[in-house]
Amino acid sequence: MDGAQIKTHNDSTLSIKAPKIIEDSGFRRASIAIIIRRIGAVDELLLIQRARSEKDPWSGQIACPGGGFEQKDEDLLATSIRETREETSLELTRDFCIGRLDDQQGRNNNAALSLAISAYVFRLPENVRVDQCITPNYEVEDTLWMPFGWLFESRRQIGYATPFRNTPYDGIDLTPDASLSSGRSGTVSYEQSPVLWGLTYRFLNQLVSRHLSAG
């Protein structure tokens, strides 16, 4: 399916099934915010590039705003709202939340962690002037808005070779259209960016699956 034909996400797809929740009490908890805005006839998703740090196992990677649950948080939805505010200064509210995806288990260097991550999907009202609201903090190197249709474009589906396993991970090439034609089809290396892969890829794949199942 051509991404050029898929410009918007059908919010009703999030209510097709209840999310699968990881209930293990021994797991640490975290949550992320998948944030959608509509510009004209096109939906876009907010992504961040994490700041580069030796202390961060996900240093420099493309992600959604998010982080660990803290005792002051009312629940995991509150965690995703707080983390988004801290990392980008964007103020979300519970009213903006349109659904929750299946929980995912965290991984580091291809090893499973005792960490459960939840993902909440938010749609921003069209009257919110987002570009004037975003100010990344020290944890964020950059922010970008990715057209929703890019998730479906076959030319952007790549293998992403990392030091963590012998076979490449599935990924999405986020090279801007103007440069993509000179392209990086096939497999790209861990040093090349921007590539969406890993946990963020798995969550956004859920969003794609629900969109297609409703279509």
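Colleague: Why is serine 80 called buried?

Modeller: Buried means under 20% relative accessible area, exposed means over 50%, and partly exposed is what falls in between (1.4 Å probe, protein chains only). Serine 80 has a relative accessible area of 0%, so it counts as buried. Before we go on: this is a predicted model, where local features need pLDDT of at least 70 and side-chain atom pairs count only at pLDDT 80 or more, while totals for chains, interfaces and linings use all residues. Residues are numbered from 1 along each chain as its sequence is written, and side-chain values use heavy atoms, with hydrogens and water left out.

Colleague: Fine. Where does serine 80 sit, and what does it touch?

Modeller: Serine 80 is in helix α1. Helices here are DSSP runs of H or I with at least four residues, strands are runs of E with at least two, and both are numbered from the N terminus. A contact is a pair of heavy atoms within 4.5 Å. Beyond its neighbours within four places in sequence, serine 80 contacts Ser31, Ile32, Ala33, Tyr120 and Phe122. Its C-alpha is also 8.5 Å from that of phenylalanine 69, 11 residues away in sequence.

Colleague: How do you know how α1's length compares with the expected span?

Modeller: The expected span is 1.5 Å times one less than the number of residues. α1 covers residues 76-88, so 13 residues, and its first and last C-alpha atoms are 18 Å apart, close to the expected 18 Å.

Colleague: What makes you say α1 is mostly covered?

Modeller: Count the buried residues: 11 of the 13 in α1 qualify. Among them are Leu77, Ile81, Arg82, Glu83 and Glu87. The buried residues of α1 pack against strands β1 (28-39), β2 (42-50), β4 (66-68), β5 (97-100), β7 (111-123) and β8 (140-147).

Colleague: What makes the phi of serine 89 worth a remark?

Modeller: Most residues other than glycine have a negative phi. Serine 89 is not a glycine, yet its phi is positive, about 70°. Serine 89 lies in the loop between α1 and β5, and it is called partly exposed because its relative accessible area is 27%.

Colleague: Why is leucine 47 called buried?

Modeller: Its relative accessibility is 0%, so leucine 47 falls under the cut-off. Leucine 47 is in β2, and its contacts beyond four places in sequence include Ile62, Cys64, Leu144, Leu174 and Leu196. The C-alpha atoms of leucine 47 and leucine 144 are 5.3 Å apart, although 97 residues separate the two along the chain.

Colleague: What makes β10 largely enclosed?

Modeller: β10 spans residues 169-173, and four of those five residues are buried, so the rest of the structure largely encloses it.

Colleague: Last one: what does arginine 210 contact, and why is it called buried?

Modeller: Arginine 210 is in helix α3 (residues 198-214), and its relative accessibility of 4% is what makes it buried. Beyond its neighbours within four places in sequence, its contacts include Thr13, Ile16, Pro19, Arg100 and Asp102. The side chains of arginine 210 and aspartate 102 form a polar contact of 3.4 Å. That term means a pair of N or O atoms within 3.5 Å; within protein, one must be able to donate a hydrogen and the other to accept it, and residues adjacent in sequence count only if both atoms are side-chain atoms.
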